[in-house]
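User: I am new to this structure and would like to learn how to read its features one at a time. Could you give me the general idea each time, and then the case at hand?

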Amino acid sequence: MSKPYLDIKKNFPVLNRTFDGKPLIYLDTAATSQKPAVVIDAMDRFYRESYGTVRRGVYRLSEKATQAYEGTRHKVANLINAASDREIIYTRGCTESLNLVAYSWGRTFLKPGDEIILSQIEHHANIVPWQIVRDMSGAVIKTIPCDDHGQLLLDEYRKLLSPKTKVVAVNHVSNALGTINPVKEMARLAHEVGAVVVVDGAQSISHMRVDVQDLGADFYAFSSHKMFGPTGAGILYGRYDLLEKMLPFQGGGDMIRQVTFERTTLQVPPHRFEAGTPSIVEVLGLGVAVDYLQTVGLENIEAHEHALLEYGTKLLSEIPGLHLIGTAAKKSGILGFALDGIHPHDIGTLLDMEGIAIRAGHHCAQPTMERFGVPATARASLGPYNTESDLDALAAGIRKIQGMFHH
Ligand code: PMP
């Protein structure tokens, strides 16, 4: 049977290396993706030939750097179908993007008694900032429960919604379970009660075609490092009419029009939310990563990872004593599992001896772990560079560990 597989491992230098003579099998893309040579080379070249500050230089080096920097904004707007480049805010990562919305939007709009709705299967980055603004504002947090497969219970969600609901913040894809949440339907329902919708897109942005307008996301947050770009850069998309009304997140250079000790007037978005010298080279690298994603094609990546997910799910399901955690009907390439009698950390450490990199832990989603009654899981997560043979190696590695423990 021919499957819609990509053949792009060769584009990623680190994936050609070995550990103790064994080829690296990288299955931790949900934590961070590897980088293609085009991104590494572009950043190296930029430092060698074109590096300068952005936004305030009068010399050519700085003008060029500013062009490249603003060019990424346009590429990102295109990638997610934002209505305008002005809706793209640069941050240091998804965590900072979510904190930005919580503080800026929350401080501007939340009042005592207002309700914030989160799901039970959020990353801590989409929980803790909301707890902080809850405590500052007197608002209340409510959570949408999930079923045993890790699918949100939409009937329960509907019951939580009311005119008191001011914001619904939910991940597009759960990093611990792989569930693809029905964010378009959830956004439609949230808008009916006048709430604002914040989507944590950390696990979706490089795995499927995202259209923020079609989804009805008022805010959409993600990190460069999970989409083949460098660390230290991230994006917050925000609807312009909302951004215009929001208080700043951080104060400093570039986010102001004029400053006196008596009074400061603010820049318009997105610059209002971009205080200080930004991650110039990282933003440049993100732009190249977006080009790479577009060249490979989000539809192709989605088809590739879906075929691999089905292959891996079948392989792991055949292993006695292995329990998949996260079995939603609509799933992204994340395989969370537990093995009878073997701690996830031992699984991770022993697989590493085979050259296989997976994540073991609570995945910054302790409420999700609590829902499934486990302190931690082992998690193999897929990228477009993975292959069936990576999953064969994973399954063989797991069986080998079981043999060590049970004989
Ligand atoms: N949300 C989700 C669903 C994630 O998986 C992650 C990263 N593990 C984050 C938010 C935070 O992203 P970052 O650490 O890049 O800021």
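User: How does the span of helix H1 agree with its 14 residues?

Analyst: The model is a predicted one, in which local features need pLDDT of at least 70, side-chain atom pairs count only at pLDDT 80 or more, and totals for chains, interfaces and linings use all residues. Residues are numbered from 1 along each chain as its sequence is written, and side-chain values use heavy atoms, with hydrogens and water left out. Helices (H or I, at least four residues) and strands (E, at least two) are DSSP runs, numbered from the N terminus, and the expected span of a helix is 1.5 Å times one less than its number of residues. For H1, residues 37-50, the 14 residues should therefore span 20 Å, and the end C-alpha atoms, 19 Å apart, agree with that. For H2 the 21 residues should span 30 Å, and its end C-alpha atoms are 31 Å apart, which agrees as well.

User: Which residues of H1 are buried, and which are exposed on the other side?

Analyst: Buried means under 20% relative accessible area, exposed means over 50%, and partly exposed lies in between, with a 1.4 Å probe and protein chains only. In H1 the buried residues are Val39, Ala42, Met43 and Phe46. They cover an arc of only 95° around the axis, which puts them on the same side of H1; the arc is that of the directions from the helix axis to the C-beta atoms. Arg48 and Glu49 are exposed on the other side of H1. The cover over the buried residues of H1 includes helix H2 (60-80) and H9, where contact means heavy atoms within 4.5 Å.

User: Which residues of H2 are buried, and what follows H2?

Analyst: The buried residues of H2 are Ser62, Ala65, Thr66, Tyr69, Thr72, Arg73, Val76, Ala77, Leu79 and Ile80. After H2 comes Asn81, with a positive phi near 55°.

User: What should I make of a positive phi?

Analyst: Most residues other than glycine have a negative phi, and most peptide bonds are trans. Asn81 is not a glycine, yet its phi is positive, about 55°; it sits in the loop between H2 and strand E4 (88-91), and at 34% relative accessibility Asn81 counts as partly exposed. Phe228 is another non-glycine residue with a positive phi, about 75°, and it lies in the loop between strand E9 (219-223) and strand E10 (234-238). Phe228 is buried, with a relative accessible area of 1%.

User: Where is there a cis peptide bond?

Analyst: The bond from Pro269 to Pro270 is cis, with omega near 0°. Pro270 belongs to the loop between strand E12 (264-266) and H9.

User: At what angle do the axes of H9 and H10 cross?

Analyst: Axes are lines fitted to C-alpha atoms, for helices over the stretch in contact, and angles run from 0 to 180 degrees between N-to-C directions. Angles under 35 degrees count as roughly parallel, over 145 as roughly antiparallel, 65 to 115 as roughly perpendicular and the rest as oblique. The axes of H9 (residues 280-296) and H10 (residues 298-317) come within 5 Å and cross at roughly 70°, and that makes H9 roughly perpendicular to H10. Leu293, Gln294 and Val296 in H9 meet Leu298, Asn300 and Ile301 in H10. By class, this contact has four nonpolar, two polar and no charged residues, where Ala, Val, Leu, Ile, Met, Phe, Trp, Tyr, Cys and Pro count as nonpolar, Asp, Glu, Lys and Arg as charged, and the others, Gly among them, as polar.

User: How many residues apart in sequence are Val290 and Val76, and how many Å apart in space?

Analyst: Val290 and Val76 are 214 residues apart in sequence and 7.0 Å apart in space, taken C-alpha to C-alpha. Val290, in helix H9, counts as buried at 1% relative accessibility. Not counting residues up to four places away in sequence, Val290 touches Lys75, Val76, Leu79 and Met227.

User: What do the buried residues of H11 pack against?

Analyst: In H11 (residues 344-352), the buried residues are Pro344, Ile347, Gly348, Leu350 and Leu351. They pack against strand E14 (334-339), strand E15 (356-357), strand E16 (359-361), strand E17 (377-381) and helix H13 (388-406).
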